[in-house]
Amino acid sequence: MADKIVGIDLGTTNSVVSIVEGGEPIVIPSAEGDYLFPSVVGFSKTGERFVGSVAKRQAVSNPDRTVISIKRHMGTDYKVQIDDKQFSPQEISAMILQKIKTDAETYLGFPIEKAVITVPAYFSDSERQATKDAGTIAGLEVVRIINEPTASCMAYGLNKGEDDNAQTENVLIWDLGGGTFDVSIVEVGGGLVEVKSTAGDSHLGGDDWDQRIMDWLIEDFKNRYNIDLRADRLAMQRLKEVAENTKIKLSYETTAKVNLPFIAADATGPKHLDVELTRAKFQELTADLVERCEIPAMRAIKDSGLNLHQINKVFLVGGSTRMPAVQDKVRALFNREPASGIDPDKVVAMGAAIQGAVIAGEVKDMVLLDVTSLSLGIETVGGIFTKLIERNSQIPCSKTRIFTTAADGQTVVEVHVLQGERELAAHNKSLGRFELRNIPPAPRGVPQIEVTFDIDANGIVNVSAKDMVTGNQQKITIQSPTSLSKDEIDTMVKEAAIYAEEDGKRREEATVRNKANIEIDTAEHTMRELGERINPDHQIALRNLIDQLRISLQATDLAKIAADTKLLQDQLYAISTDAYYALDTGRVAAKDQSEEAKRQEIYDLSSDEEPEDDELFGWFNQEEGK
Ligand code: ADP
Ligand code: MG
């Protein structure tokens, strides 16, 4: 039994734990008998700690000593201050995991040592690492971190009939939780689960629906009694609780009574809140929230390269998808019935449990693929961001490309690792940098430095650089001290689109200038190599063209730089051809030069295309860039 692996959905609002028994995932209840463990930790004044539903309940009377939504801070240096103690997000999360572990052990009757924990697909390395650390602190070996949408598909995948397994389907996962909305497009079939794209709104969830009910209740109360409940903190907490309960009730009934005795008092005595809210009124109050869901949904579809009609299935995930208005929105948008059969708030944990069973060897024929949320790459000459791993690539994955030096005799290259969608390095997020030293001095373009990006199944990135001649190698594991929030990711992706044109121009400028410099280098090299063998007219012409290009380079007219580069290049071709035919001794060197010029062309032309692995040459931004 000790080799059993549980699946844990460590949610922002609620957590759920599941285990596969007899080939099927079951949800393990808490000691209080609920299948949801509210992700809430409370501290009493006497030093006691409450976790889960008890903590959620005492939040009403103890708001200052209650920690909610800690998941939003995972991977950051945020600290929770309780009296003279400070807690990291990992420690708070560990308290939740500990409660889950203990309750599950009591229920199952055997110790739990291993777990698969889910995280949002957009979680960065440090957020994943922090989640893993939380597990370790709680005494759990986290055998795998998997993406929530992937887990949902695992849960549905296992429930699919055998015959369906062969065909591939595009699934949209609509996950509306307590405070966040996540949309993922996933390809499922033939035992494969692959996340194609993700989008979302990190500040849209059940809490917003609760807030609308609260606002309405407060307004109503003010109109009746001229008392503003907002001023009373305790009243606000009671209102929040009743608002959520009312909302949940309205998912099943068309009217709900709201009753809060002794909510306030004035000179005339105590006041009670006692009103009725209809579903129709509630839906009117929250219509705009439902509408907001459409934006990320459309973006996720667009990013996946599919269109709306190519979505074969829609899965509803998260407690808030129990609201009829949300389900109606999904029906209207996709013109289909969302898949049903698994509770929206259990599905993620069940998928994680299935993944646990796959790892433990209990369930076969299920593979798992995940994706990166932002592109990864390095900085190359001219401050250009050269991507090695594209956004939404499957993980685990590994990508290798050969780079070379930018200057003659360059012995050091700096590998600056970045994450983002912008074309210029400076606009992306720096994840770390390291140097590869002691490269044997050689002309620019000769050394071959192999750069490899490795992303493991948990989404943790390793980058290495190796000098192919000496075998000398350097590497780093990316554990960035700060992490990207979902907002930041959304912003980065959006900005990339907004600035695409401007970035493209600057990239073009860097490319044009880079090319000009290389052409000047080549020309000077050729003159040194061929010396007197170049006919004097050609020599003068070449010198003039070099000078002319140098002058152009000092100005900003790109077209002029490009034109002068072309003139110099043509002159070089002419000289090379001359030398090739006329002078046997000059043959090899000249031919090499023109070959190199051509290869240069190939690189520039193909840089917008999907590059061939191991064949692409870039330039490190070492000497020239500084
Ligand atoms: P998270 O993934 O963010 O931890 P959940 O998926 O557990 O959160 O969703 C929690 C949210 O779902 C809460 O806002 C809760 O009020 C809401 N919720 C749960 N059940 C219902 C229901 N029957 N009707 C409407 N909202 C619900
Ligand atoms: Mg969730």
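What follows is a short chat about a sheet and some helices in a predicted model.

User: What is the strand order in the open sheet, and how do the strands pair?
Analyst: The order is β20-β19-β23-β24, four strands in antiparallel pairing.

User: Which are the edge strands?
Analyst: β20 (384-389) and β24 (429-436), each of which pairs on one side only. On average, neighbouring strands in this sheet are turned by 30 degrees against each other, direction ignored.

User: How many bridges join β19 to β20?
Analyst: Five, with β19 covering residues 376-380 and running antiparallel to β20. Among the residues involved, L376 has I389 in β20 as its bridge partner.

User: Switching to helices. How far does α6 reach from its first C-alpha to its last?
Analyst: 24 Å for 17 residues (233-249), close to the 24 Å expected at 1.5 Å a residue.

User: What caps its N-terminal end?
Analyst: D232 does; one of its side-chain oxygens lies 3.1 Å from the backbone nitrogen of L234.

User: Which residues of α6 are buried?
Analyst: A235, M236, L239, V242, A243, E244, T246 and K247.

User: At what angle do α7 and α8 pack?
Analyst: About 10 degrees, and their axes are 4 Å apart; α8 spans residues 294-303. Angles under 35 degrees count as roughly parallel, so α7 is roughly parallel to α8.

User: Which residues meet there?
Analyst: V290, E291 and R292 from α7 meet E294, I295 and P296 from α8.

How values were computed:
Residues are numbered from 1 along each chain as its sequence is written. Chains are lettered from A and ligands numbered from 1 in the order in which they are written. This is a predicted model: local features need pLDDT of at least 70, side-chain atom pairs count only at pLDDT 80 or more; totals for chains, interfaces and linings use all residues. Side-chain values use heavy atoms; hydrogens and water are left out. Two strands pair if DSSP finds at least two bridges between them. Helices (H or I, at least four residues) and strands (E, at least two) are DSSP runs, numbered from the N terminus. Axes are lines fitted to C-alpha atoms, for helices over the stretch in contact, and angles run from 0 to 180 degrees between N-to-C directions. The expected span of a helix is 1.5 Å times one less than its number of residues. Buried means under 20% relative accessible area, exposed over 50%, partly exposed in between (1.4 Å probe, protein chains only). A polar contact is a pair of N or O atoms within 3.5 Å; within protein, one must be able to donate a hydrogen and the other to accept it, and residues adjacent in sequence count only if both atoms are side-chain atoms. Angles under 35 degrees count as roughly parallel, over 145 as roughly antiparallel, 65 to 115 as roughly perpendicular and the rest as oblique. Contact means heavy atoms within 4.5 Å.
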